[in-house]
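Welcome! Here is a short tour for someone meeting this protein for the first time. Please have a look at the sequence and the model before reading on.

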Amino acid sequence: MNEITITAPPEALTREEVERFARDWYRKLDIHAPPEELVAMVATEGLAFDLPEGALHGVAAFRDWYEGVVRIFFDEVHVLDRVEVAWEGPQALVKVRVNWQARRWQAPAPHSEWIGFDVDQDWVMERSPATGQPVILRYVVNALRPMPGSPRL
């Protein structure tokens, strides 16, 4: 007798999981967590980031971007202002608003400079089939509004 296996779609993420994930994501960015900690928070297949500096596709591109970020920005503080969640099947469609302030140094400048932005983002999240944990599949920066006195990115 042939056996047919039907696999149920992964369980949708809860609002609480998404909110906890967002807080943890920004905390890790603030402390410049090791790259593998952030890589564990993104999808291994189909990952796409649309950032002001360009589009990234795949985990290797994400890792390269993150390793570059931690060499330029420091004293980072992300203050999460809004996390709104809707669902499309098992995927969470997330609207995020965060205030990001940091210092940056760009060679050969003699000093670092303060920057600050209000940032609106859309994320598509899912549950990792490998770990069962929430991961980002798509990350889109929609708006990056400089705070008064901040230079552009």
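What follows is a walk through some aromatic rings, one arginine and one glycine.

This is a predicted model, in which local features need pLDDT of at least 70, side-chain atom pairs count only at pLDDT 80 or more, and totals for chains, interfaces and linings use all residues. Residues are numbered from 1 along each chain as its sequence is written, and side-chain values use heavy atoms, with hydrogens and water left out.

**Aromatic rings**

Let us begin with the rings. The structure holds 14 aromatic pairs; rings of Phe, Tyr and Trp (its six-membered ring) pair if their centres lie within 6.5 Å, and planes under 30 degrees apart count as stacked, over 60 as edge-to-face and the rest as tilted. Two of these pairs involve Tyr139:

| Pair | Centre to centre | Angle between planes | Kind |
|---|---|---|---|
| Trp25 and Tyr139 | 5.9 Å | 50° | tilted |
| Phe49 and Tyr139 | 4.4 Å | 10° | stacked |

Trp25 sits in helix α1 (residues 15-31) and Tyr139 in strand β6 (residues 134-146), so their pair ties together parts 114 residues apart in sequence. Helices (H or I, at least four residues) and strands (E, at least two) are DSSP runs, numbered from the N terminus. The other pair links distant parts of the chain too, as Phe49 belongs to strand β1 and Tyr139 to strand β6, 90 residues apart.

Trp25 is buried at 0%, Phe49 is buried at 1%, and Tyr139 is buried at 5%. Ring pairs also join Phe21, Trp25, Tyr26, Phe49, Phe62, Trp65, Trp123 and Tyr139 into a cluster.

**Arg127**

Next comes Arg127, found in strand β5 (residues 113-127). Its relative accessibility is 14%, so Arg127 counts as buried. Which side chain does the side chain of Arg127 meet in a polar contact? That partner is Glu17, at 2.8 Å; a polar contact is a pair of N or O atoms within 3.5 Å, where within protein one must be able to donate a hydrogen and the other to accept it, and residues adjacent in sequence count only if both atoms are side-chain atoms. The Arg127 side chain also reaches the backbone oxygen of Gly132 at 2.8 Å.

**Gly46**

Our last stop is Gly46, in the loop between α2 (35-39) and β1 (48-51). With 59% relative accessibility, Gly46 counts as exposed.

Technical notes. Buried < 20%, exposed > 50% of the residue type's maximum accessible area, 1.4 Å probe, protein only.
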